Amino acid sequence: MADPDERFDSIVKKLKENNHKLTPQRLAVVKILATSKGHPNVEKIYELIQKDFPTMSLATVYRNVMLLKSLGEVLELGFPDGSNRYDGNKPYSHPHVICVKCKKIIDPDLDTLKDMTAEVADETGFKILMHRLDFFGICQDCI
Ligand code: ZN
Ligand code: MN
């Protein structure tokens, strides 16, 4: 996991460079995404922000997440059931392990995938832009 404080600072820097206002509400969304504990969905971010910003709407949270995604500062993980989850701690392709019971998502700590990307590029002649690798299982809390 990247240092959440460093991620927070670099997301804020990117917002400034692109002339986006640093409202307290926006910074609260950035703060949650810089850590991305459990890979929250928009509803979860909204819920976490409610106690500090009770007037902030779900739509505003959504717009802020989309802004950060458009700046390349958040990785969106879409699923066939329509539930999108977000990672602003590591906003680039990396493997995930997903619990099919409680829907927890964690980042396994592996280096092997970097080599795999190079191998796939060699084997196919593709210039690889990104990848998606999800492992589905049952977490220790749910076994
Ligand atoms: Zn679980
Ligand atoms: Mn992740």
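Partly exposed means a relative accessible area between the buried limit, under 20%, and the exposed limit, over 50%. Asp107, at 24%, is therefore partly exposed. The model on screen is predicted.

**Whole chain**

Start with the cartoon. The protein has five helices and five strands. Along the principal axes, the C-alpha atoms fill a box of roughly 50 × 40 × 25 Å. Colour by accessibility next. Of the 143 residues, 32% are buried. Contacts between residues at least 6 apart in sequence are worth a look too: 51% of them join residues at least 24 apart.

**The manganese ion**

Select ligand 2, the manganese ion, and show its protein donors. They are His39 (NE2), Asp87 (OD), His94 (NE2), His96 (NE2) and Asp107 (OD). Their distances to the manganese ion run from 2.1 to 2.2 Å. In sequence, the donor residues are spaced H-x47-D-x6-H-x1-H-x10-D.

His96 sits in strand β3, and Asp107 in the loop between β4 (105-106) and α5 (112-124). The pair therefore ties together parts that are 11 residues apart in sequence. Asp107 is partly exposed, at 24%.

**The zinc ion**

Move to ligand 1, the zinc ion. Which residues hold the donor atoms here? Select Cys99, Cys102, Cys139 and Cys142; each gives its SG atom. The donors lie 2.2 to 2.3 Å from the zinc ion. Display the angles next. The four donor atoms subtend 103 to 116 degrees around the zinc ion, so the arrangement is tetrahedral. Along the chain, the donors follow the spacing C-x2-C-x36-C-x2-C.

Within this set, Cys99 and Cys139 link distant parts of the chain, 40 residues apart. Cys99 is in strand β3 (residues 96-99), and Cys139 is in the segment after β5 (134-137). Both Cys99 and Cys139 are buried.

**The three-stranded sheet**

Stay with β3 and show its sheet. Three strands form an open sheet in the order β4-β3-β5, with mixed pairing. At the edges stand β4 and β5, each with a single partner strand, so one side of each has no neighbour in the sheet. Strands of a sheet pair through backbone hydrogen bonds, either parallel or antiparallel. For a landmark, pick Val97, which stands opposite Phe135 in β5.

**Salt bridges around Glu73**

Now show charged side chains. The count of salt bridges comes to eight. Centre on Glu73. Arg7 forms a salt bridge with Glu73, with the closest N and O atoms 2.8 Å apart. Arg7 belongs to helix α1 (residues 4-17) and Glu73 to the loop between α4 (58-70) and β1 (75-77), so the pair ties together parts that are 66 residues apart in sequence. Arg7 is buried, with a relative accessible area of 11%. Glu73 is also buried, at 8%.

Lys14 is partly exposed, at 24% relative accessibility. Through shared partners, salt bridges join Arg7, Lys14 and Glu73 into one network.

Slide along helix α1 to another pair. Glu17 and Lys13 form a salt bridge of 3.5 Å, N to O. Both lie in helix α1, four residues apart, about one turn of the helix. Lys13 counts as exposed, at 54% relative accessibility.

**Last stop: Arg26**

Select Arg26, in helix α2 (residues 24-35). Which side chain of opposite charge is nearest to Arg26? The nearest is Glu73, 13 Å away. Arg26 is buried yet has no salt bridge. Show its surroundings: leaving out residues up to four places away in sequence, Arg26 touches Leu15, His20, Lys21, Asn64 and Leu67.

Conventions:
Residues are numbered from 1 along each chain as its sequence is written. Chains are lettered from A and ligands numbered from 1 in the order in which they are written. This is a predicted model: local features need pLDDT of at least 70, side-chain atom pairs count only at pLDDT 80 or more; totals for chains, interfaces and linings use all residues. Side-chain values use heavy atoms; hydrogens and water are left out. Helices (H or I, at least four residues) and strands (E, at least two) are DSSP runs, numbered from the N terminus. Buried means under 20% relative accessible area, exposed over 50%, partly exposed in between (1.4 Å probe, protein chains only). Lys and Arg count as positive and Asp and Glu as negative; His and the chain ends are not counted. A salt bridge is a side-chain nitrogen of Lys or Arg within 4 Å of a carboxyl oxygen of Asp or Glu. Contact means heavy atoms within 4.5 Å. Donors are N, O and S atoms within 2.8 Å of the metal (3.2 Å for Na, K and Ca); water is not among the atoms, so sites may look incomplete. Four donors count as tetrahedral if all angles lie between 85 and 135 degrees; four count as square planar and six as octahedral if opposite donors are over 155 degrees apart and all others between 65 and 115; anything else is irregular. Two strands pair if DSSP finds at least two bridges between them.
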